[in-house]
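Hi everyone, thanks for coming. Let me put the sequence and the model up, and then I'll walk you through a few spots.

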Amino acid sequence: MNILERDKVVVVGGGGHAKVILDILHTIENIDVVGFTAQESNILSLYDIPYLGDDSVLPALLEQGVTSFIIAIGDNNLRRKLYYKMLELGFTPVNAISPSAIISTSAQIGKGVAIMPGVVVNSFSQINDNVIINTRAGIDHDCIIGAHAHVAPGATLAGSVSIGEGTFIGTGCSVIPEITIGNWTVVGAGSTVISALPSNVKVVGVPAKKFI
């Protein structure tokens, strides 16, 4: 009898975002979550998944056959740093995609991606590596989401929107069609973006304007 080999996965992060990631990973049959790491943790387990220690334990885990990971941290810059650290150590990223998400068969999904419950990703959209598409966010056709970006809960991107690397689209934001937003830009919660935004700015409001 053939037994399906399960990927041994470590979750990097131990906060609220990690709880949602673990919920999703529990639905994936070929994944065995061995534990989670965090720089500090006041809890010994999440969903009976043990706290393994800080990042110093990672090389030993790799030697023990734990070869896969996902970063369960909302902060884009920190998530990016940890993602590349894990790759350098020799770990392989896995995705956490909720079974309730609706993803077009023509969409392209990168590595280490978290797609939360209720998300819709429509035709020919591209979600790059280490991205978070959070709860009930909508990504319409032909969108591009750059690596390490985060589209927060309830945000809506209309068709052909391009979001740069590391950019954060806040809770409940709306972006009209064919808008380009640069790298490492922050769009505040509830904002409506109706014109292109450069890199490294913070905007807020309806319509979204630069926050001073």
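Let's start at Glu-178, which is exposed, with a relative accessible area of 65%. This is a predicted model, by the way, so keep that in mind as I go. Glu-178 sits in the loop between strand S20 (174-175) and strand S21 (180-181). Its backbone stands out too: phi of Glu-178 is near 65°, a positive value in a residue other than glycine. As a rule, most residues other than glycine have a negative phi, and most peptide bonds are trans.

Now hop over to Arg-136, another non-glycine with a positive phi, here about 60°. You'll find Arg-136 in the loop between strand S13 (132-133) and strand S14 (138-139). Is Arg-136 buried or exposed? Arg-136 is exposed, and its relative accessible area is 64%.

The peptide bond leading from Val-206 into Pro-207 is cis, with omega near -5°. Pro-207 belongs to the loop between strand S24 (202-204) and strand S25 (209-210).

Okay, zooming out. Domain 1 puts 19 residues into the contact, and domain 2 puts in 23.

How much area do domain 1 and domain 2 bury between them? About 1500 Å², with 63% of it on carbon and sulfur atoms. There are also eight residue pairs in polar contact between the two domains, counting pairs with both residues at pLDDT 80 or more. On the domain 1 side, the elements giving two or more residues to the contact are helix H1 (16-25), strand S5 (68-71) and helix H3 (76-89). H3 gives the most on that side, with six residues.

As for salt bridges, the count between domain 1 and domain 2 is one. And if you click on Arg-80, you'll see a salt bridge with Glu-165, where the closest N and O atoms are 3.7 Å apart.

Last stop: His-150. UniProt lists His-150 under "binding site", in an unreviewed entry. His-150 is in strand S16 (residues 150-151). With a relative accessible area of 8%, His-150 counts as buried, because the cut-off for buried is under 20%. So who's around it? Leaving out residues up to four places away in sequence, His-150 touches Gly-74, Asn-76, Arg-79, Ile-132, Asn-134, Thr-167, Phe-168 and Ile-169.

That's my tour, thanks!

Conventions: Residues numbered from 1 in each chain as written. Predicted model: local features only at pLDDT ≥ 70, side-chain atom pairs only at ≥ 80, totals over all residues. Heavy atoms only, no water. UniProt positions renumbered as here; feature names shortened; annotations may be inferred. Helix = DSSP H or I, 4+ residues; strand = E, 2+ residues; numbered from the N terminus. Buried < 20%, exposed > 50% of the residue type's maximum accessible area, 1.4 Å probe, protein only. Contact = heavy atoms within 4.5 Å. Buried area = accessible area lost by both parts, 1.4 Å probe. Salt bridge = Lys/Arg side-chain N within 4 Å of Asp/Glu carboxyl O. Polar contact = N/O pair within 3.5 Å; in protein donor to acceptor, adjacent residues only side chain to side chain.
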